[in-house]
Every structure is written in C-alpha cells, then in structure tokens.
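This report covers a pocket, a sheet, a helix pair and some backbone details. Keep the structure in view while reading.

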Amino acid sequence: MQSLRMIENWPVPTAAAAVVRADGSVAGAYGPLEHRFPLASVTKPLAAYAALLAVEEGAVELDEPAGPEGSTVRHLLAHTSGLAFDEPRTMAEPGTRRIYSNAGFEALGDHIAKATDIPFPQYLHEAVLAPLGMTATELPGSPAKDGVSTVADLIRFAAELQAPRLLAPQTLAAAARVVFPGLSGVLPGYGHQKPNDWGLGFEIRDGKSPHWTGASSSPRTFGHFGQSGTFLWVDPDARAACVALADRAFGPWAIEAWPPLTDAVLAELAQTA
C-alpha cells in the first residue's frame, strides 16, 4: 500500500507499519517488520486479551472483586476502578469516572496471577502469544506498558482481533463495545473527553475529538496507542486493522502524523474494495 510509505517522513529513527484485512490477509506492510519495538501502552490490549481468556476459562469472572474496594475485573479493564494513573492510590469510587490507569492493569495482572497460580507474563505467553505464533513478543514487566513486539507479530494479533480463534466472537464483541457508557475523563495526550469511551482493555473511537485515529475512522474503531510512538487500531466498518510502531516517544509529531496516515490507509482501502 502506497499510503504506508508516509512513515518515511516521520521524524523517528525507525518505523514500521502494516494493514491487515478482516480475513487475515496483509493488505500492505512497510519498514523493518521484524524490528522489536517497546510497545508502551499497546501492551494493554494484549494483556486484556489474556484476561478475557482467563474469564472464558473460568479462572476469573468479570464481576468478581479485584483491585480497590468495590472494584471488579470489569472495572480494571475499563479504567473505572478509581485507581490513579501510575500508583495504587484510589481517586474515585469504582464506576464513577474514567481514570486511565497503569496501576489498574498492574492490579489486574496480579489478580490473574493469583487466580491461576501462573505469573502474568507467563500466562500471557501461554494463552495468547504462543497460540498466535507471536514468537518475538514478550512481557518482561508491567502488563500496562512493558511489552516488546514487532509489526510481524502484531499482524497476527490484528488478524485475531478481526476473526478471533482464541476467544468466542461474542466475548471480543463485548470487549470492543463501550463499557460504563457516559463517563468522562482524560485521554492521555489528547485532553479531557466527554464521554471518554472505553471497552474492556480497548479504547473506543466513538466521537472523540481530538483523537489519534483519522477523521474518516468509524465510531466503532477500537484499539490503543502507546507513549513509545506505537498504535494499533481495528476499524470494523473498513474491515481492516492497522499497526504502526516507532522508536520515538509520543508527542506533537505523532499528533500531527498519525491521523493523516490513518485517513490515507482508509482511503486506499476504499479504492481497492
């Protein structure tokens, strides 16, 4: 896809990107696909997928207590547990505010590790990474932000997010819909959003503005971006997903570069549909 060549102009040392169709085929890829990048918060959708598998396996339940008092697994996945951004400090009653929380995902990882008696990085590997053949991906630390992966591996995950083999389709569909609708909050890097819609581990595009996806992205688009210069989105209406990894911290360059790439990808997909 010619649109992916836009990453050549990004002010970053290294970047790679790919577009994956709903049938799992690769519509296009560009850059060093086997280069390992720190994912930052693009780790969270992988961790959330492992958590949803733990739910399906019966190891945990979405509405069982987890995290601070009154919080559940569902609250932790949806950033509504009340925990602060980067420390285990309660800032609100569960279910009342959308407080984006690394601490919440760390509490989630700890909860699943205790329930399964398996360290969370190992559980993620056994439940998600190994079955999908994501051999270059690992989690050496926090389930909120410490994943490392390649575009080649995330192509496999992007295919799974469109035609799940590990999860029941209805489980993934529920995770990609708004949970606790109507809550406002801050989208990191983009300011206060009302509402600030999230699913279970995935951010929902909806009508947010400004946003890191494109002006032509459908409201049903879901995914995540990371502070290391990374993003992954799935647009069900376009029947495609896009992953882009870079090795420069998120900042004004990304705010300027990412939406035009997404709009160019969607326009090229529409022309070839």
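## The largest pocket

A pocket here is an open set of grid points with protein on both sides within 12 Å along at least five of seven lines. The model is predicted. Its largest pocket has a volume of about 390 Å³.

The lining of this pocket counts 16 residues. Nearest its centre lie Ala173, Ala176, Arg220, Phe222 and Pro236. Which helix gives the most to the lining? Helix α6 (residues 169–175) does, with 3 residues. By class, the lining holds 12 nonpolar, 1 polar and 3 charged residues.

Strands of a sheet pair through backbone hydrogen bonds, either parallel or antiparallel.

Ala17 stands opposite Tyr30 in β2.

## Helices α1 and α4

Two packed helices are described by the angle between their axes and the distance between the axes. For α1 (residues 43–56) and α4 (residues 120–132), the axes come within 9 Å and cross at roughly 80°. Angles of 65 to 115 degrees count as roughly perpendicular. The two helices, α1 and α4, are therefore roughly perpendicular to each other.

Which residues meet in this contact? From α1 come Leu46, Ala47, Tyr49, Ala50, Leu53 and Ala54. From α4 come Phe120, Tyr123, Leu124, Ala127, Val128 and Leu129. The residues of the contact divide into 12 nonpolar, no polar and no charged.

## Backbone details

Most residues other than glycine have a negative phi, and most peptide bonds are trans.

The peptide bond from Lys194 to Pro195 is cis, with omega near 0°. Pro195 sits in the loop between β6 (191–193) and β7. The bond from Ser209 to Pro210 is also cis, again with omega near 0°. Pro210 belongs to the loop between β7 and β8. Ala40 has a positive phi, near 50°. This residue is in strand β3 (residues 37–40).

How values were computed:
Residues numbered from 1 in each chain as written. Predicted model: local features only at pLDDT ≥ 70, side-chain atom pairs only at ≥ 80, totals over all residues. Heavy atoms only, no water. 1 Å grid on protein atoms, 1.4 Å probe; cavity = no way out; pocket = protein on both sides within 12 Å on 5 of 7 lines; lining within 4 Å. Points joined across faces, edges and corners; volume = space filled by probe spheres on them. Helix = DSSP H or I, 4+ residues; strand = E, 2+ residues; numbered from the N terminus. Nonpolar A, V, L, I, M, F, W, Y, C, P; charged D, E, K, R; others polar. Axes fitted to C-alpha atoms, helices over the stretch in contact; angles between N-to-C directions. Parallel < 35°, antiparallel > 145°, perpendicular 65-115°, else oblique. Contact = heavy atoms within 4.5 Å. Pairing = 2+ DSSP bridges.
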